[in-house]
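These are my notebook entries on one structure, set down in the order in which I looked things up.

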Amino acid sequence: METNGQQKIDIPSNVPLLPVRDVVIYPYMILPLFVGRGISIKAVDEALNKDRFIFLVTQKDSTIEEPEESQLYKVGTVAMIIRMLKLPDGRVKILVQGISKASIKTFNKEKDGFYTVDIDKIVEPDIKEVTVEVEALMRTVKEQSERILQLRGIVSPDAFSILEAIDDPGRLADLVASNLRLKVEDAQKILEIVDPVERLKHVNTFLAREMELSEVQAKIQNQAKEEMGKTQREYFLREQLRAIQQELGETDEKAKEISEYEEKITKAGMPEEVKKEADKQLDRLKMMHPDSAEANVVRTYLDWMVELPWGLSTEDNLNIKAAGKVLEEDHYGLEKVKQRILEYLAVRKLNPNKKGAILCFVGPPGVGKTSLGRSIARALGRKFYRLSLGGVRDEAEIRGHRRTYIGALPGRVIQGIKQAGSNNPIFMIDEVDKIGQDFRGDPSSALLEVLDPEQNFSFQDHYLNVPFDLSKVMFITTANLIDPIPSPLRDRMEIIELPGYTDQEKLQIAKRYLVPRQLKENGVTEKDLLISDEAILDVINHYTKEAGVRNMEREIGSICRKVARDIAEKNSKRTKTSHVSAKGVSKYLGVPKFLPEMERKEHEVGVSTGLAWTQYGGEILYIEASLLPAGDGKGGGVMLTGQLGDVMKESAQAGITYIRSRAEQLGISPTFNKEKDVHIHVPAGAIPKDGPSAGITMAVAVISVLTGKAVRKDVAMTGEITLRGKVLPIGGLKEKSLAAHRNKIYDVIIPWGNEKDLEDIPPLVRKRVKFHPVKTMDEVLELVFVKK
């Protein structure tokens, strides 16, 4: 009935082509295929969009990625796609059923790159009467097939019934051939035989060979079973030995283990819901054999459950003055952070049930974000745990793996709580701006629950599968930049920005912390080495270029190592002290690595000083402008060089437009743009630059070169320019002000809208630097040019 039903299906003469590798598909055969090649996926889509028919033909060479017509067999099988599933890696999984054999007449390449083929359906000759010879052949094939199934350990009444029910020689040949482990060439040869009896004879030949292989394989398996029987005998003997030991009154290890777990669960102080789950798993362990794999999984789970600090907390040090003293001892400056920690302590003192704070320290490398976390833990009297998320891409790193996986463990959060040994540690999550994501999940989304006080009281790790209260934990995250942090995660944290240090702050940090630490680490005492303040400032200005102090400590360590080597080589009794002055720094560290940025010895025409923000702090930059004869004779061209971004280029264009609109008032020829081209360059050329804050600086440089007026070398400026000459606010004022102060520029022009931000600038910088808030370019021009 099925065969007749299949023959009634109308197969089109033109169908999409799907080349397959290492397999030959026969009619009535159902199997899954994984499709990964682009043109093959398009062919599948075409078939699904039409009548679901597709022509499956085998490649002659399976290593070829895009086979040509000559590299495919001419005879294949028309199949119907029953089901299709798109996989995460871009491949497609399809379930196909063979319908009928056919041969290829012509190949047609479609515009999307895949092929369709015109086919001729191959019709097998009808067998009107089954002869004795054919019946004997069919019975032989069936008996051999059943014998092979038994040798392979497949004793299924259904499989035997299917074989017995087939009375068509061709159908029987196809079914058996599809289940034999034939080479592609042999399987294709059988497919191409049209006569069903002849095809069955070929299958019988291969079946006899497979019979011999299966018998040899069964013999090998029997030998392996005998070896396994020996192992089982040893197991039974061990069990008998254990029973004898029990009769002799020796300790039952399993009962002792269960008793220990019961005691630990009672002492762990678990919540009722958690204790219920632990007792359930312990009951399972009681029913298992001690040496089974599942018993080891349950033991590991119970070990985690009893070792977690469910009810164990450390007592906070609520003496605010003592905590403030600890913070001052460990870090110089950083007043905002210290105030926030002391405020938290004050609230905890008045409200002991206050939930843990969730802070985010944002600042350039080396300013002390991570070490500040340790200092806070010491001030509060809490345990400290640090977790780095840089490059983490798997959500299971946060939530853990389910216990069904081999080698599963809880996530890093629960691991940290266990390692800390209390349920209210200072939990520092470093590099939260460098989390990645891929097909394994998004760790930043998993952090949303951890860092939300309204949710983390019942944080569920996939491994534990019970809630753990994280509300008492004080989470501190660190980042170099705010922008990469996803906004939902950023919204859950209190952002505290840690700016770069001034030269004087770095000097104090070096004297108080870095120099004593490096002396101790390198085995040098203060009697051996004395570094002057001027020498430290020389290291800061000429050997490091950073917002933090990490490289400065390395350079100080380098000086200490060289002194230590001198002492060790001379077997000195340490009677002589090495004094390092500003002039003597180069003896230990070599030539200066950083020179002052293009030192401007005098006021110049066409050069203005701007201020820039980088993730490592502030920098000064010099913007140069020159006039050139018009290259095309028309003039008005503007060249911009120095790896400028789109925003910066647009700022330059806006500045040029402003100058042209105010040419007469500025004393510039109204026709300058017809006669000259303007070239604006921002060194250094290898460093990419972008942003609108250099707008007024570029405009000043161009006005200077057009009027011949020199720009003051002791004035730096920052601000965005509009076409009407308005000066708009910018960001990063603190870092830019520190850069000006570091480069000994004490007059800084800022937008009037940034006047409110002056409060964030350190008092030392505010005292030394004079800030000039301006609203328009007219005010800027009054300040920047040298007065005659």
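**Helix H19 and what covers it**

I started with helix H19 and found that what covers its buried residues includes helix H18 (503-521), strand S14 (529-531), helix H20 (550-570), strand S15 (578-580) and helix H21 (585-589). The buried residues of H19 (residues 533-542) are Ala535, Ile536, Asp538, Val539 and Ile540, where buried means under 20% relative accessible area, exposed over 50% and partly exposed in between, with a 1.4 Å probe and protein chains only. Helices (H or I, at least four residues) and strands (E, at least two) are DSSP runs, numbered from the N terminus.

I note that this is a predicted model, in which local features need pLDDT of at least 70 and side-chain atom pairs count only at pLDDT 80 or more, while totals for chains, interfaces and linings use all residues. Residues are numbered from 1 along each chain as its sequence is written, and side-chain values use heavy atoms, with hydrogens and water left out.

**The parallel sheet**

I then traced an open sheet of 5 strands, in the order S8-S9-S12-S7-S13 and with parallel pairing; two strands pair if DSSP finds at least two bridges between them. Strand S8 (384-388) and strand S13 (494-497) are the edge strands, each pairing on one side only.

I looked at S9 (residues 426-430) from both sides: it is joined to S8 by 5 bridges and to S12 (residues 474-479) by 4 bridges. Leu387 has Ile429 of S9 as its bridge partner, and Ile426 stands opposite Met474 in S12. Because 5 of the 5 residues of S9 are buried, this strand is largely enclosed by the rest of the structure. Ile426, Met428 and Asp430 lie on one side, and Phe427 and Ile429 on the other. Helix H13 (residues 369-380) lies across strand S7 (358-362), S8, S9 and S12, and runs at about 175 degrees to S9.

**Helices H8 and H9**

I next recorded that the axes of helix H8 (residues 253-267) and helix H9 (residues 272-287) come within 11 Å and cross at roughly 180 degrees. Axes here are lines fitted to C-alpha atoms, for helices over the stretch in contact, and angles run from 0 to 180 degrees between N-to-C directions. That crossing makes H8 roughly antiparallel to H9, a label for angles over 145 degrees.

I turned to strand S2 (residues 30-35), which has Leu31, Leu33 and Val35 on a covered face and Ile30, Pro32 and Phe34 on an uncovered one. S2 pairs with S5 in the antiparallel sense over 6 bridges, and Phe34 has Lys93 of S5 as its bridge partner.

**Met698**

Last, I checked Met698, which sits in helix H24 (residues 695-707) and is buried, with a relative accessible area of 2%. Not counting residues up to four places away in sequence, Met698 touches Ile623, Met648, Ser651, Ala652 and Ile680. Met698 and Ser651 are 47 residues apart in sequence and 8.2 Å apart in space, C-alpha to C-alpha.

Key:
Parallel < 35°, antiparallel > 145°, perpendicular 65-115°, else oblique. Contact = heavy atoms within 4.5 Å.
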